[in-house]
Amino acid sequence: MAPLPGAELVQTPLQLYRYLLRCCRQLPTKGIQGHYKHAVRQSFRVHSDEDNPERIQQIIKRAIEDADWILNKYKKQN
């Protein structure tokens, strides 16, 4: 499964945050959605002081890849 539409447009941390929350809505149950929403919020807070543009782009790329992996994991189970 490919990332959600718009993944290629994510350039800023706020865009990433919104994208990841939209990904959470694709998960099968409210419990799983809540778990990953909490993880997204925590990660956003942890990295909020990051100011290196190269590192920010690495984080964005990795987060999109991880979200894709998680969505694929739950799609295969159903």
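## Contacts and model

Contact here means heavy atoms within 4.5 Å of one another. The model is predicted. With that cut-off, what covers the buried residues of helix H3 includes H1 and H2.

## Helix H3

H3 runs over residues 53–77. Its 25 residues should span 36 Å at 1.5 Å a residue, and the end C-alpha atoms lie 37 Å apart, so the length agrees with expectation.

Asn-52 caps the N-terminal end of H3. One of its side-chain oxygens sits 3.0 Å from the backbone nitrogen of Glu-54.

Which residues of H3 are buried? They are Ile-56, Ile-59, Ile-60, Ala-63, Ile-64, Ala-67, Asp-68, Ile-70, Leu-71, Asn-72 and Tyr-74.

## Helix H1

H1 covers residues 13–24. It has twelve residues. From first C-alpha to last it reaches 16 Å, close to the 16 Å expected at 1.5 Å a residue.

Leu-16, Tyr-19, Leu-20, Leu-21, Cys-23 and Cys-24 are the buried residues of H1. They pack against H2 and H3.

## The nonpolar core

The largest nonpolar core holds 21 residues. Leu-16, Tyr-19, Leu-20, Leu-27, Tyr-36 and Ile-64 have the most contacts inside it. H1, H2 and H3 each supply at least two residues of this core. The largest share, eight residues, comes from H3.

In soluble globular proteins, nonpolar side chains tend to be buried together.

Cys-24 lies in helix H1. Is Cys-24 buried or exposed? Its relative accessible area is 4%, so Cys-24 counts as buried, the cut-off being under 20%. Leaving aside neighbours within four places in sequence, Cys-24 is in contact with Gln-33, Tyr-36, Lys-37 and Val-40. Cys-24 and Ile-64 are 40 residues apart in sequence, with 12 Å between their C-alpha atoms.

Gln-33 belongs to helix H2, residues 30–46. Gln-33 is also buried, because its relative accessible area is 10%, again with the limit at under 20%. Gln-33 and Lys-76 are 43 residues apart in sequence and 17 Å apart in space, C-alpha to C-alpha.

## The largest pocket

The largest pocket has about 580 Å³ of space. Its lining has 24 residues. Closest to the pocket centre are Leu-16, Leu-20, Val-40, Ser-43 and Ala-63.

Which elements give two or more residues to this lining? They are H1, H2 and H3. H3 gives the largest share, nine residues. H3 also gives the largest share of the core. Ala-63 is one of the buried residues of H3.

Technical notes: Residues are numbered from 1 along each chain as its sequence is written. This is a predicted model: local features need pLDDT of at least 70, side-chain atom pairs count only at pLDDT 80 or more; totals for chains, interfaces and linings use all residues. Side-chain values use heavy atoms; hydrogens and water are left out. Helices (H or I, at least four residues) and strands (E, at least two) are DSSP runs, numbered from the N terminus. Buried means under 20% relative accessible area, exposed over 50%, partly exposed in between (1.4 Å probe, protein chains only). A nonpolar core is a set of buried Ala, Val, Leu, Ile, Met, Phe, Trp, Tyr and Cys residues joined through side-chain atoms within 4.5 Å. The expected span of a helix is 1.5 Å times one less than its number of residues. A polar contact is a pair of N or O atoms within 3.5 Å; within protein, one must be able to donate a hydrogen and the other to accept it, and residues adjacent in sequence count only if both atoms are side-chain atoms. On a 1 Å grid over the protein atoms alone, a cavity is a set of points where a 1.4 Å probe fits but cannot get out, and a pocket is an open set with protein on both sides within 12 Å along at least five of seven lines; lining residues have an atom within 4 Å of a point. Grid points are joined across faces, edges and corners, and a volume is the space filled by probe spheres set on the points.
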